[in-house]
Protein chains: 2
Amino acid sequence: MRKVDPAKHRARRQYILHAAAQLFAAKGFERTTTAEICKAAGMSSGNLFHYFPNKRAIFHAIFEEDGADSGESKAERLARAQASDDPWAALLEVVELLTADAMNPVAPPLVMEAVVQAHRDPELDALLGRDNAQEHTAVATLLAKAAAAGQIDPALDPHDAATWVLALIASLYTSAATDPAFRPAAQLPVLRLILQRFLKAPPLDVHPPRA
Amino acid sequence: MRKVDPAKHRARRQYILHAAAQLFAAKGFERTTTAEICKAAGMSSGNLFHYFPNKRAIFHAIFEEDGADSGESKAERLARAQASDDPWAALLEVVELLTADAMNPVAPPLVMEAVVQAHRDPELDALLGRDNAQEHTAVATLLAKAAAAGQIDPALDPHDAATWVLALIASLYTSAATDPAFRPAAQLPVLRLILQRFLKAPPLDVHPPRA
DNA sequence: GTCTATATATAGATAGAC
DNA sequence: GTCTATCTATATATAGAC
């Protein structure tokens, strides 16, 4: 056959990305050298740069890998959730979808690193921004529908509330990255409790007295 | 008088730290060169290293500057809050104390960078860990007292709840660092609302005995 | 205390053989 | 596609004059 299967080329790329992700998570982008990536991937410098044009492209590719492996892409699952006729249940599914990665030990530090790098890398910033906008739209849509269906407090602004829902989810990653004692899986119920109490309508007409 | 007032030496150090903080916030630790710090501080390389032994020491010093300038140090204010006889009010004061810095535009990215750097810098990790432990103790103590006083849900575990209170506060910094549209000052009331709904006792019977 | 000049090292990326 | 060898740039930190 002609042309070395593109499948093999793709597999090799994935292997490099996997090795690089570990390093970037442990040491950050700048302190991870291409030489280390070569060693971890078991190949030479000349070969590494045959697969990726530069170090930054490797980092980007880690966050571009979407769908393909799983049956359904994240975007598809978000879209399907938005169309649900039980917005609250759909919201809980979205929360589960977005928190799943936090259980993977490399994800939290990797996400932190990506956020920091996005400050000085417009391309990465745009990439993460698109992801975040997608998630924000999905959550805000569900919150609006849930409010209309009487499932949550209708007084909440869907946009602001969605921002905080995503912030709480992000806390799972930042806390895991910061505090070695923090176990995302164990804290998931607390996260759900906070969301429920925050979003569910105030019990009666109780107005908490604040001085 | 004696030579070289220590005051002048200290002022010069502070000036370097101020200049360096801006750069570290904008470009991160690794991508900020000592040459840039020299330029921003208006001095030569040889002189910069007269004030600090190395680049990392400059970064550390930014997070060590505590108290001295303000009338009362953060540790003192936390200790005083813990002794309050109105735990809920004291908790709100602690929240205000810990969120104040988020309004300073350089603080959020700087905090993010510190967290990331702490992963590979044990000394910095210890420094931030001490700060965080102090805050966690203060909040957990106040939550336990507030529960005993019937001000919040007594079913909450003070340790876990304190972790999430601090996580919510941290969200103010991470969101500000991530999303240019996020205005910490404007979102502070939402943060307070979430805390109130999360922590206050389940609606049914218990109500705060405050009058 | 402040400067200029530079030692030292290490990084990312490329060239070109096989 | 994969390698070895290396170019080029740039960074931290130091030496030593003033």
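What follows is a short chat about a predicted model.

Q: What should I know about the numbering and the cut-offs?
A: Residues count from 1 along each chain as its sequence is written, and chains are lettered from A and ligands numbered from 1 in the order in which they are written. In this predicted model local features need pLDDT of at least 70, side-chain atom pairs count only at pLDDT 80 or more, totals for chains, interfaces and linings use all residues, and side-chain values use heavy atoms, with hydrogens and water left out.

Q: Which residues of H7(A) meet H7(B)?
A: Met112(A), Glu113(A), Val115(A) and Val116(A) meet Met112(B), Glu113(B), Val115(B) and Val116(B), where contact means heavy atoms within 4.5 Å.

Q: New topic. Is H4(B) enclosed or open?
A: Largely enclosed by the rest of the structure, because 9 of the 10 residues of helix H4 (residues 55-64) of chain B are buried, meaning under 20% relative accessible area with a 1.4 Å probe, protein chains only. Among them are Ile58(B), Phe59(B) and His60(B).

Q: What do the buried residues pack against?
A: In chain B, helix H1 (6-27), helix H2 (34-41), helix H3 (45-51), H7 and helix H8 (122-148). Helices are DSSP runs (H or I, at least four residues), numbered from the N terminus.

Conventions: Helices (H or I, at least four residues) and strands (E, at least two) are DSSP runs, numbered from the N terminus. Buried means under 20% relative accessible area, exposed over 50%, partly exposed in between (1.4 Å probe, protein chains only).
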